[in-house]
Protein chains: 4
Amino acid sequence: MAEKIRVTVWHEYRHEKKNKTVAELYPDGMHAVMKAAIEEHLGSRVSVRTATLDEPEHGLTEAVLAETDVLTWWGHSAHGEVRDEIVDRVQRRVLEGMGLVVLHSGHYAKVFKRLMGTTCSLRWREAAERERLWCVNPGHPIADGLSDEYFELDHTEMYGELFDIPAPDELVFISWFEGGEVFRSGCCWTRGKGRIFYFRPGHETFPIYYDANVRRVLANGVAYVAPHSSAPVRIKAINAKDPLSPIQSTHEADPSLHR
Amino acid sequence: MAEKIRVTVWHEYRHEKKNKTVAELYPDGMHAVMKAAIEEHLGSRVSVRTATLDEPEHGLTEAVLAETDVLTWWGHSAHGEVRDEIVDRVQRRVLEGMGLVVLHSGHYAKVFKRLMGTTCSLRWREAAERERLWCVNPGHPIADGLSDEYFELDHTEMYGELFDIPAPDELVFISWFEGGEVFRSGCCWTRGKGRIFYFRPGHETFPIYYDANVRRVLANGVAYVAPHSSAPVRIKAINAKDPLSPIQSTHEADPSLHR
Amino acid sequence: MAEKIRVTVWHEYRHEKKNKTVAELYPDGMHAVMKAAIEEHLGSRVSVRTATLDEPEHGLTEAVLAETDVLTWWGHSAHGEVRDEIVDRVQRRVLEGMGLVVLHSGHYAKVFKRLMGTTCSLRWREAAERERLWCVNPGHPIADGLSDEYFELDHTEMYGELFDIPAPDELVFISWFEGGEVFRSGCCWTRGKGRIFYFRPGHETFPIYYDANVRRVLANGVAYVAPHSSAPVRIKAINAKDPLSPIQSTHEADPSLHR
Amino acid sequence: MAEKIRVTVWHEYRHEKKNKTVAELYPDGMHAVMKAAIEEHLGSRVSVRTATLDEPEHGLTEAVLAETDVLTWWGHSAHGEVRDEIVDRVQRRVLEGMGLVVLHSGHYAKVFKRLMGTTCSLRWREAAERERLWCVNPGHPIADGLSDEYFELDHTEMYGELFDIPAPDELVFISWFEGGEVFRSGCCWTRGKGRIFYFRPGHETFPIYYDANVRRVLANGVAYVAPHSSAPVRIKAINAKDPLSPIQSTHEADPSLHR
């Protein structure tokens, strides 16, 4: 694929405005740091823009989505403010082939729950404890470039099982937490023609998106869910409403069976 | 599990009232024939009731669902009339562990689309052609008792790929159609604690639910998605909203990181 | 299925003869305790026999296997002594539909590696540390009857990722270890017509098979992998060697293409 | 990944020497045509060599495999002549991360059966009938560039279910055959760190590898299974034999439990 992957980094962008710790960690917003992380690793392969909740249409107009190959999503405190028509729009684009990377507390985003069909609930604890992410699929593109079998984050919010998601099509990372829990931290699904990657780390009060391994996985995830098709999107089947002509001739039905 | 599987056969029950062919094939409604098929094969292992769209709350009150282990669903012309609050209720029960068997045109039922997260669209053609269902998972309980590698239906409506569903956790049948299509006709998923089985055959103008193999698969499907748990339903994790105490002690976080 | 599940508990049965701790924990061998655990939970639904490495044909004659619905396998120090023709025989029976439960160090059993196609290697440490098994599929029959979201073993040998197995068809448990690792501890696969369940706990120097939760999972696993078919085993396709007649007529090929 | 994908096209290369039709279709051997197809689509992204059964070590020396990122495999009449030590070598390389594309009658290749753990048997009929390959995963990279929901081959050998394989991690194509069968024709698995793609078409007496769609899928498959890792291959876990030190400190075991 010669063209660039067009990425839109979506961010709720509320914590930075209210919480001093978050504002100091991410003076230009977490989206700015995520954008930089993606560009750092994918360089000329991507063009990245950002969009935030408080922009008109949450920054996700039809035009923006039509020009987006991969959407990344971070939300936490304002999931309920995301308008349903925008959720519909994002879901439709994923089914048409747009990649989606859902981060951390985005597990409760409307569009993620919509695509999963489950509650997406989980256990959690905010205790600044250690997380160790083990790779259970070391040949997977999302694990590309990690230098060892696991990587660690010294201070994280804990997410624990049961994570109420459909069994992932591909499971890449399992987290170990100091406090006693495990979590499926890197999960891939296909829905329609689109790929989805959920990646757990990302709590706003820790400098997670400055971590070298997290940045790499984020960029790998973007590359992985990018649509591969160079052909026009084939949405005929998805919208099929009209009866089809048989490709082969068929035998005559008994008319008494079917009037 | 000593107790009976409590089955509710849900049926839209509209075609029988409007179409003479359907009324002649199913004088007491398709739900009566489905109920009989389930009882024929599962006998004393089940207690089966029915519910239909035009009953109050579509026959699916909280009380009925609380006493339902497996719900089967047939709908076609009136998916839009199913009230969203009832859809919410059914979805929630599936996630808590109730089994769901979705039949034929039920692929477009609101609750199926909700649980799948996709459009669930497909190709179709009403030509009374031959369908041959190949078993691709012969050790699966849903294929139990079928006497050969495939079975046939002489006159069916065609459903063809692309069937826009998440890749099934288990694929049991693939259909061949005389007119040139294939279809994933027997598919299983788990969502939350509930199992879901989609089974393709069932067009209302053909005597599909009198077919011996279809009846067996329907009953096998009911038995397969029935919850196995003899323990009380554990919904704590699904509704978890409060932070957990660490099970292990954790080290102290740097307070500058987390105010 | 009215008939009993015929279970053969296979055990290497060497440690008990050489190691005092093991002999004291399992005076009649681990197989005796496993047999009792299965009978405790499945009662009249099963008939259980045992077989051990040092019996003729390792106790796994054609006759024994022909009468076995589920085989459980524990081995550790003598995998290499299991004769290849017996491995062939067990593999063939699994593909025909016999269930297989592989326990703990059985991950390196020849027949398990044969069915997986991978090295089945893993990390390990013998430090008597705590293991906490989290259920990530709480509606699964193998988790039936467990009273909470996880259960613990106070002193276990550690097994850690990367566990070099094909991605399980169903993942039921993930273990957390005190020392910092995670492990996919309860995994299901289908191979041919047979189901396979791998369950991690079971180190010989700890009283693992006296643990109430382990015993329940072992019994649940036996019930889960038991063949469901009441019909004669259909092995025609598996052994298909002769060309088939077309079921439909086919058009004439251009003879220049195919001489 | 800046470097080229190093592809080795392996071919049994016997039919061309014995059968006039095959020799006329493939005067330089099928491997020459496969090589050209891969180069046609992947151009400067690949460097392709070939290897055949009758070369020393079947052309698959340690040195060749060490320099191979993706191996494609076509065999039919001489599977039994492939030496087991070469099979071991290829299997090991796949587990280390080498991609493998198995074509048509290669379903019975020793190395494919080894990696699958099943018989890999299937039904077949040589009747020059029509095959229609439906894409059931249209967002998958292997379907990239196909212009419609299916493509056809006018004259093929039939392969029918039951195809005795582990359920694919990803199912891309399902074939419809004029004579009445279906087949899972495009299947992906991961084993160890390596990806495997099985693609059904390819009978030697038909000009299958001149078909534009087949050529594209073959090339897409090569690109898909190519290892993505830019890091050195991490084989430590795969060969782990030594106990690990705990990463966290663990509590003291009761010495009476563990001597």
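Modeller: Two strands count as paired if DSSP finds at least two bridges between them. Helices (H or I, at least four residues) and strands (E, at least two) are DSSP runs, numbered from the N terminus. The model is predicted, so local features need pLDDT of at least 70 and side-chain atom pairs count only at pLDDT 80 or more, while totals for chains, interfaces and linings use all residues. Residues are numbered from 1 along each chain as its sequence is written, and chains are lettered from A and ligands numbered from 1 in the order in which they are written.

Colleague: Let us begin with pairing. Which residue stands opposite B:Trp134 in E7(B)?

Modeller: In general, strands of a sheet pair through backbone hydrogen bonds, either parallel or antiparallel. Here B:Trp134 is opposite B:Ile174 in E7(B). Strand E5 (residues 123–135) of chain B and strand E7 (residues 170–177) of chain B are joined by five bridges in the antiparallel sense. E5(B) also pairs with strand E6 (residues 150–160) of chain B, in the antiparallel sense over eight bridges. In E6(B), B:Leu153 faces B:Glu131.

Colleague: How many of the 13 residues of strand E5 of chain B are buried?

Modeller: A residue is buried if 20 or more other C-beta atoms lie within 10 Å of its own, exposed if 12 or fewer, and partly exposed in between, with C-beta atoms placed from the backbone. By that count 12 of the 13 residues of E5(B) are buried, so the strand is largely enclosed by the rest of the structure.

Colleague: How many bridges hold strand E5 of chain A to E6(A)?

Modeller: Strand E5 (residues 123–135) of chain A and E6(A) pair over eight bridges in the antiparallel sense. A:Tyr159 in E6(A) is the bridge partner of A:Trp124. Touching means contact: C-beta atoms, placed from the backbone, within 7 Å.

Colleague: At roughly what angle do the axes of H3 and H7 of chain A cross?

Modeller: Two packed helices are described by the angle between their axes and the distance between the axes. The axes of helix H3 (residues 30–42) of chain A and helix H7 (residues 212–225) of chain A come within 8 Å and cross at roughly 75°. H3(A) is therefore roughly perpendicular to H7(A). The classes are: under 35 degrees roughly parallel, over 145 roughly antiparallel, 65 to 115 roughly perpendicular, the rest oblique.

Colleague: Which residues of H3(A) and H7(A) meet?

Modeller: From H3(A), A:Met34, A:Ala37, A:Ile38, A:Glu40, A:His41 and A:Leu42 meet A:Arg215, A:Arg216, A:Leu218, A:Ala219, A:Val222 and A:Ala223 of H7(A). By class, the contact of H3(A) with H7(A) has eight nonpolar, one polar and three charged residues. Ala, Val, Leu, Ile, Met, Phe, Trp, Tyr, Cys and Pro count as nonpolar, Asp, Glu, Lys and Arg as charged, and the others, Gly among them, as polar.

Colleague: How far apart in space are C:Met158 and C:Phe112?

Modeller: C:Met158 and C:Phe112 are 20 Å apart, C-alpha to C-alpha, and 46 residues apart in sequence.

Key
Axes are lines fitted to C-alpha atoms, for helices over the stretch in contact, and angles run from 0 to 180 degrees between N-to-C directions. Two residues are in contact if their C-beta atoms, placed from the backbone, lie within 7 Å.
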